[in-house]
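Visitor: I would like to understand the words used for this model before I rely on them. Could you take me through them one at a time?

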Amino acid sequence: MNRTTRTIIKIFLIAAVTVGCIALAYYLGSNIAGHKLATASDNMNYSRWLEKYFALTRAAGLANGLCALIWFMAARFFLEVDEAAGAGKRIFWAALLMASLAVSLGVAHFYAPILGIKINGIIFGLFAVIFTGVGYWLLTIFTTPLAFKYTPLGAHFFGRRL
Amino acid sequence: MSYYFISIGGTGAKVMESLTHICIAGLLPENERLYIAAIDPDVGNGNLERTSTALNNFAAFQNFSVGNDTPLFKNKISIARPFPWNPTGHDKNLDDLIEFYHHNNTPVGKLYEILYTKKERDTTLNEGFRGHPSIGAAVLAKKFDDGSKLTAQIEKIIGEGENVKIFLAGSVFGGTGAAGLPTIARLLKNNLADYADRISIGGALILPYFSFTPTNIKDELFARSENFLPNTKAALKYYSEKENLFDATYFIGDSVMTPVGEFSVGSANQRNEAHIVELYAALAAADFYSRPLHAPKIFKYICRHEHDKFSWSDIPVSSERFVQFARFIFAYVQLIKPVLIDLVAGDAKAYKYPWFVDFLKGVDIGAPDVVNFNFYAEAFAAWLKQLETLNGREVFLINPAMFEANPARLVDKKLFAALDGTKSKLTFHEIFYRLTEPFKFDSTIKGFGKFLRRLYDACAI
């Protein structure tokens, strides 16, 4: 497989996993805590809450996907290793991990009141695990360009990849 | 088929150094074994010492499992012992070696006393024949059969069913080479006369290409560069008038005599920088080995296109393989070696270097073979740098700007992509990236050799 094909596949994978994470967060959130939270919210019924909650998961998911995409694009096209000291870039990856976590929790914290829905700790937990855990950490393990393939924490536990 | 290379004297040793490098780079034809022999009375001379180091490194590299389908390290070598063969022994003069005391006051002894001056007879020969081929010819003829064991070794190889191509290299203007080239060629031809159809002998006769100014030498017997041209004239006359003993003869010289840095009669201080003439002589050996065993004698001329400049168009070999090897060495020194050193010292994290995790985890990177390769990589770069420092004349095989810093450590890393002056996309980052891409080798390729093979392949355009 040549490098261009690999790049296209990885970008597609980032997009697909991002969409998958949004769907998973929406499905799990709506089923685990949806009914309870819908009744707790003002002027809200379950279907209206779902509508707003989907907007919330979509915003958090896309922002996370953007973090994963930024890491991929930077590592693929902008970070160059022309000497031994230039390799790794884990601080950059970790900064994006923190950004991803901030986005996951921040969107839930700030955007939910704007949308007028209530959320609880389960939703925060779901967002952190699904978006940051799966949508950034796990995704970057499998999509990081090869020159930095062991940079994501724990990447060496996974076998050979594209 | 087996190849034999016999270096004679200091210049021969320097040709051997170039041959070792081009052999490691995979520039010799076929995958035949190369036997290396050296004849030098000055066993401690610095040139020979440097060459021996490169040779011993090469011998160690043969343990690397790089596979058989690569030019890298493809020719196996054997060092013919004794290495080097010292025809004079220790603290002996000509009288001792000729056993003059047996011939004192005999007609032969009196003739000998006429042919050799008192100084020539009395000077100890620890540092070679000191530019006096007449001394060397007598000693070599007397000692070759018993001392060198070369004939027996070649006979053994022929006995195993192999044909042998023997190549001799030495200067015609100094002492050991001028004496040894015709003498050794004749002795080998005579000794191996029964196998005439199984052997071929070639020779690189190196014409003057350097000069020196003696300092602090009082009334001592040593080679003088003002004698180089008359010596050469006499030698060439000999080769044109007498039977040419070589099946292929290569005359290689330079129109400019490059001054050597510091004069030394011999010994460890005789450590001259590499010169492009020696590279030509090594390529002559490669050309000889590539010819059929009994090819008709031919006369080929090669000269450079521009008076004060050498470039790849002047070299009788494709640049591609050599440049790939140079790129491999530079990439190793720049990108790999510092990491290995830091990892051994615990100053680096392995995750940063996917090639280390993929290839070298579990490999002992402090092992002598790996350390030898580190030294060799620096030595190759240093040799290349010397080759391109030709007394003001421009040599452009590898971009000279590459050598601004210490061997192979680049100040301007962008230069790497245009190593031979031709722009390419092969940056250090590209090499680093290629090292991490999936690949398939057969299972015999393993260990540090597998990594070197991968790096070498990654350095191809």
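Visitor: Why is the crossing of helix 1 of chain A and helix 5 of chain A called right-handed?

Guide: In this predicted model, the crossing of helix 1 and helix 5 of chain A is right-handed, a word used because the near helix is turned clockwise from the far one by less than a right angle, anticlockwise being left-handed. Residues are numbered from 1 along each chain as its sequence is written, and chains are lettered from A and ligands numbered from 1 in the order in which they are written. Local features need a pLDDT of at least 70 and side-chain atom pairs count only at 80 or more, whereas totals for chains, interfaces and linings use all residues.

Visitor: What makes helix 1 of chain A roughly antiparallel to helix 5 of chain A?

Guide: The axes of helix 1 (residues 3-32) and helix 5 (residues 121-143) of chain A come within 10 Å and cross at roughly 160 degrees, on a scale from 0 to 180 degrees between N-to-C directions, with axes fitted to C-alpha atoms over the stretch in contact. Angles over 145 degrees count as roughly antiparallel, under 35 as roughly parallel, 65 to 115 as roughly perpendicular and the rest as oblique, so helix 1 of chain A is roughly antiparallel to helix 5 of chain A.

Visitor: Which residues make that contact, and of what classes are they?

Guide: Residues are in contact if their C-beta atoms, placed from the backbone, lie within 7 Å; among them are Leu13(A), Val17(A) and Leu24(A) of helix 1 of chain A, and Leu126(A), Ile130(A) and Val134(A) of helix 5 of chain A. The contact divides into 16 nonpolar, 4 polar and 1 charged, where Ala, Val, Leu, Ile, Met, Phe, Trp, Tyr, Cys and Pro count as nonpolar, Asp, Glu, Lys and Arg as charged, and the others, Gly among them, as polar.

Visitor: How do you know whether helix 3 of chain A is parallel or antiparallel to helix 5 of chain A?

Guide: Helix 3 (residues 46-78) of chain A packs against helix 5 of chain A at about 20 degrees, with the axes 10 Å apart, and the two are therefore roughly parallel. Their crossing is right-handed, and the contact includes Trp71(A) and Phe72(A) from helix 3 of chain A and Tyr136(A) from helix 5 of chain A. By class, the contact of helix 3 with helix 5 of chain A has 9 nonpolar, 7 polar and no charged residues.

Visitor: How many helices and strands does chain A have?

Guide: Chain A has 5 helices and 0 strands, both being DSSP runs numbered from the N terminus (H or I, at least four residues, for helices; E, at least two, for strands).

Visitor: What makes up the side of chain B that touches chain A?

Guide: 19 residues of chain B are in contact with 14 residues of chain A. Helix 11 (319-345), helix 12 (354-360) and helix 14 (428-436) of chain B each supply at least two residues of that side of chain B, and helix 14 of chain B gives the largest share, 5 residues. That side of chain B has 11 nonpolar, 4 polar and 4 charged residues.

Technical notes: Two residues are in contact if their C-beta atoms, placed from the backbone, lie within 7 Å.
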